[in-house]
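Biologist: I have not looked at this structure before. Please take me through it by question and answer.

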Amino acid sequence: MSQPLSRMLKPLVYTNVLRNNNLVRWCSSTPIYPFMLIDHLLKVGGSSNGSNAISRRSGAEGENEIIIKSKFLAREVSDAMSIGLNQSGLNIHMKEKKFLRDMDNVRLNIYYKPSDPKSKSVSVRLPPLPKGSQIQNLAMSCLPDLENDDWVVAIKFSVSRLMLYRHKDLQWIDIETTHGHESICPYSSLMYSKKDQRFYTPTPGGQYLCSFGLNFKEKDEPTYDLICKKDLPQYMLYELEEMNSFTRTDHLVESPSGEQFLISWYYGDDFESDTVVHKTKRFLVFKEQEKVKRDKDMCYTENIGDLCIFLGHGEPMCVPASSSPGLKPNCIYFAGHNFGVFDITTQTITLFYTEEEGPLRSTAFPYWPHPFSLTPS
């Protein structure tokens, strides 16, 4: 696949847009790329001009909060942040989004539609999974290809269980660790490294990366790479003490060129409108410098260049911001307990709120399409 991301992203047509800082009905068929709406909100939300559609306020920790007053606009922002990238001509999605507990087993279908109209779609029905399976995220070694015996799918369940499907074997392999599921962080994501040809997921303390290769066999043991975090600024040490009370998840992500970043995502509780709200508080970004044996040296950085990172319920991904209109470089787009954007340069979090329901959020699966549907092969 050689197309840039902007060509693969089919534009969305929004019936409601912001014009002159006011919500108006737009009947034109002029296409708008999904993240152009997000970019517009970030700019308008940060201005001092009045608006009937949105307003801006500062949170208790200094984060920016954009309050969306229209239900129509809130729905479109939610679509842009969660399924906007799924509008690509090349689309991978899970047909079964809900897993029934009252059946003997669960089947997972993967559907792949190439952007080339001459290419055939691929629909894969994987072997049954255990009863009551709840998938946290899925990672693949490549795009679905029924003629490729080396096509591998790995799944991370909500109970930290890992399973692997290799197309040539036509069966699931249970990945067992020495200490059981305690070796796997239940909330961090599973990803596939095209550079290393391995699957990675962090341990609960975030000090190691549990990994396994494409040829993993029954009764094999996964390996554990030590994460060495370096170059934290002096001022950050004091902030880390304050962040000890936050919930943290860790996510490894790889750019199309093979650069690897480890993202620490911090949540905290705030009391708002007589209820406790779980909110994103901070991100720390570390870039891999070199690999010594099985260790990964990760250095703190506030500059990932033209790249932007997507985190949510699914495999994290990293794409060039310049490849699609509206994406902002050196930023993290996140979905889950909150929808928002973190500017790595300014260390500023912007959260999207609705006027009546509080933080904009979603529990849909998956939040993002699979990375292989968006990056050149």
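Biologist: How many helices and strands does the secondary structure of the protein chain come to?
Modeller: This is a predicted model, and the counts refer to its protein chain. The secondary structure comes to four helices and 25 strands.

Biologist: What share of the residues of the protein chain counts as buried?
Modeller: A residue is buried when its relative accessible area is under 20%. The chain has 377 residues, and the part that counts as buried is 54%.

Biologist: What share of the contacts with a separation of 6 or more is made by residues 24 or more positions apart?
Modeller: The count takes in contacts in the protein chain with a separation of 6 or more. Among these, residues 24 or more positions apart account for 52%.

Biologist: Which element gives the most residues to the largest nonpolar core?
Modeller: That core has 28 residues, and I38, V77, Y333 and F352 touch the most other members. Two or more residues come from each of α2 (34-45), β4 (64-68), α3 (71-82), β20, β21 (317-320) and β22. The most, six residues, come from α2.

Biologist: Which residues does V77 contact, leaving aside its neighbours within four places in sequence?
Modeller: V77 is one of the buried residues of α3, and it is among the core members that touch the most others. With neighbours within four places left aside, its contacts are L37, I38, L41, I68, F352 and L360.

Biologist: How many residues are in the second, separate core?
Modeller: F261, I332, F334 and L351 are included in this separate core. Its residues number 20.

Biologist: Which residue caps the N-terminal end of α3?
Modeller: The helix α3 has 12 residues and reaches 16 Å from its first C-alpha to its last, close to the 16 Å expected at 1.5 Å a residue. At its N-terminal end, a side-chain oxygen lies 3.2 Å from the backbone nitrogen of F72. The residue that supplies this oxygen is S70.

Biologist: What is the angle between the planes of F310 and Y333?
Modeller: The structure holds 14 aromatic pairs, and F310 with Y333 is one of them, at 5.2 Å centre to centre. Planes under 30 degrees apart count as stacked. This pair is stacked, with an angle of 15 degrees.

Biologist: Why does this pair tie together parts that are apart in sequence, and how many residues apart are they?
Modeller: Both F310 and Y333 are buried. F310 lies in strand β20 (residues 307-311) and Y333 in strand β22 (residues 331-334), so the parts tied together by the pair are apart in sequence by 23 residues.

Biologist: Which residues form one aromatic cluster?
Modeller: F334, which is included in the second core, belongs to this cluster.

Biologist: Which ring has the charged end of R57 over it?
Modeller: The charged end of R57 is 5.0 Å from the centre of the ring. The ring is that of Y353.

Biologist: How far apart are the C-alpha atoms of G326 and D39?
Modeller: G326 is in the loop between β21 and β22, and at 19% relative accessibility it counts as buried. Leaving aside neighbours within four places in sequence, G326 is in contact with F35, M36, D39 and Y333. G326 and D39 are 287 residues apart along the chain, and their C-alpha atoms are separated by 5.4 Å.

Biologist: Is D343 buried or exposed?
Modeller: D343 is found in strand β23 (residues 340-343), and its side chain reaches the backbone nitrogen of T345 at 2.9 Å. Beyond neighbours within four places in sequence, D343 contacts K328, N330, C331 and T348. Its relative accessible area is 12%, so D343 is buried.

Biologist: Is T350 buried or exposed?
Modeller: T350 is placed in strand β24 (residues 348-354). Leaving aside neighbours within four places in sequence, its contacts are L42, N64, I66, F334, F339, G340 and V341. At 10% relative accessibility, T350 counts as buried.

Biologist: What is the phi of L170, which is not a glycine?
Modeller: L170 lies in the loop between β10 (162-166) and β11 (171-175). At 53% relative accessibility, L170 counts as exposed. Its phi is positive, at about 60 degrees.

Technical notes: Residues are numbered from 1 along each chain as its sequence is written. This is a predicted model: local features need pLDDT of at least 70, side-chain atom pairs count only at pLDDT 80 or more; totals for chains, interfaces and linings use all residues. Side-chain values use heavy atoms; hydrogens and water are left out. Rings of Phe, Tyr and Trp (its six-membered ring) pair if their centres lie within 6.5 Å; planes under 30 degrees apart count as stacked, over 60 as edge-to-face and the rest as tilted. Buried means under 20% relative accessible area, exposed over 50%, partly exposed in between (1.4 Å probe, protein chains only). A charge sits over a ring if NZ of Lys or CZ of Arg is within 6 Å of the ring centre and within 35 degrees of the ring normal. A polar contact is a pair of N or O atoms within 3.5 Å; within protein, one must be able to donate a hydrogen and the other to accept it, and residues adjacent in sequence count only if both atoms are side-chain atoms. Contact means heavy atoms within 4.5 Å. A nonpolar core is a set of buried Ala, Val, Leu, Ile, Met, Phe, Trp, Tyr and Cys residues joined through side-chain atoms within 4.5 Å. The expected span of a helix is 1.5 Å times one less than its number of residues.
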